[in-house]
Amino acid sequence: MVKLYILSLSSGVSRVFWYWWEGQPWGTLFCKSPNPATGCSESARSHPYLLNAGLAYGEVERWLEYSVLKGCSQSAEGTFLCELTDESGHRAEVVWNSINPRPISARGQFVTATDIYGGSQPLTPSFTIGYSPVLLRSK
């Protein structure tokens, strides 16, 4: 879902609608009742909760809201790189590799890496990216 939103925006698509909020084994964001097909447990009856796709949806919204997406490119090795500038003028990049996990050399201005669930870590000189997008921030 994160890739869909980022690549759609970089292609000039102004709106993307995620059709299924709950109930199907694919694409479900929210559990409000038990449903083994979607991974919603019995606890959803009394305590509705977001599934991982719902958490990722909220995170990509935070990445893109008030940011300008300059564009995306793909290398021959399958690495996608999408350049962002936030409302304060700080640069960021969303990166992932669609073929295999691979190390990338972090450029000096980026100091943190945030995954699609909101977990952040300091960016090391050689950082491994995988199938899941990661936001590299300069602040």
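Which cysteine does a disulfide join to C72? The partner is C82, with an S to S distance of 2.1 Å. This is a predicted model. Every value here is computed from that model.

Start with this link. C72 sits in strand β3, which covers residues 68-74, and C82 sits in strand β4. The two cysteines are 10 residues apart, and the pair links distant parts of the chain. The torsion about the S-S bond is 115°, so the link of C72 and C82 counts as right-handed. Its two ends sit in unlike surroundings, as the next values show. C72 has 28% relative accessibility, so C72 is partly exposed. C82 has a relative accessible area of 0%, so C82 is buried. The cut-off for buried is under 20%.

Now take the other disulfide. The structure holds 2 disulfides. C31 is joined to C40, with 1.9 Å from S to S. Here the angle about the S-S bond is -75°, and the link is left-handed. What is the relative accessibility of C31? The value is 0%, so C31 counts as buried. C40 has a relative accessible area of 7%, and because that is under 20%, C40 is buried as well. In general terms, a disulfide is a covalent bond between the sulfur atoms of two cysteines. With the bonded cysteines numbered in sequence order, the pairing reads 1-2, 3-4.

The largest pocket has a volume of about 230 Å³. The lining has 17 residues, and those closest to the centre of the pocket are R62, S67, D86, R137 and K139. Which elements give two or more residues to this lining? They are α2 (52-64), β4 (79-85), β5 (91-97) and β10 (134-137). By class, the lining of the largest pocket divides into 7 charged, 5 polar and 5 nonpolar residues.

The second largest pocket has a volume of about 160 Å³. Y5, L9, V13, S14, R15, V16, Y57 and L64 line this pocket. Helices α1 (2-10) and α2 each give two or more residues to the lining. Helix α2 also gives two or more residues to the lining of the largest pocket. How does the lining of the second largest pocket divide by class? There are 6 nonpolar residues, 1 polar and 1 charged.

Conventions
Residues numbered from 1 in each chain as written. Predicted model: local features only at pLDDT ≥ 70, side-chain atom pairs only at ≥ 80, totals over all residues. Heavy atoms only, no water. 1 Å grid on protein atoms, 1.4 Å probe; cavity = no way out; pocket = protein on both sides within 12 Å on 5 of 7 lines; lining within 4 Å. Points joined across faces, edges and corners; volume = space filled by probe spheres on them. Helix = DSSP H or I, 4+ residues; strand = E, 2+ residues; numbered from the N terminus. Nonpolar A, V, L, I, M, F, W, Y, C, P; charged D, E, K, R; others polar. Disulfide = S-S within 2.5 Å. Buried < 20%, exposed > 50% of the residue type's maximum accessible area, 1.4 Å probe, protein only.
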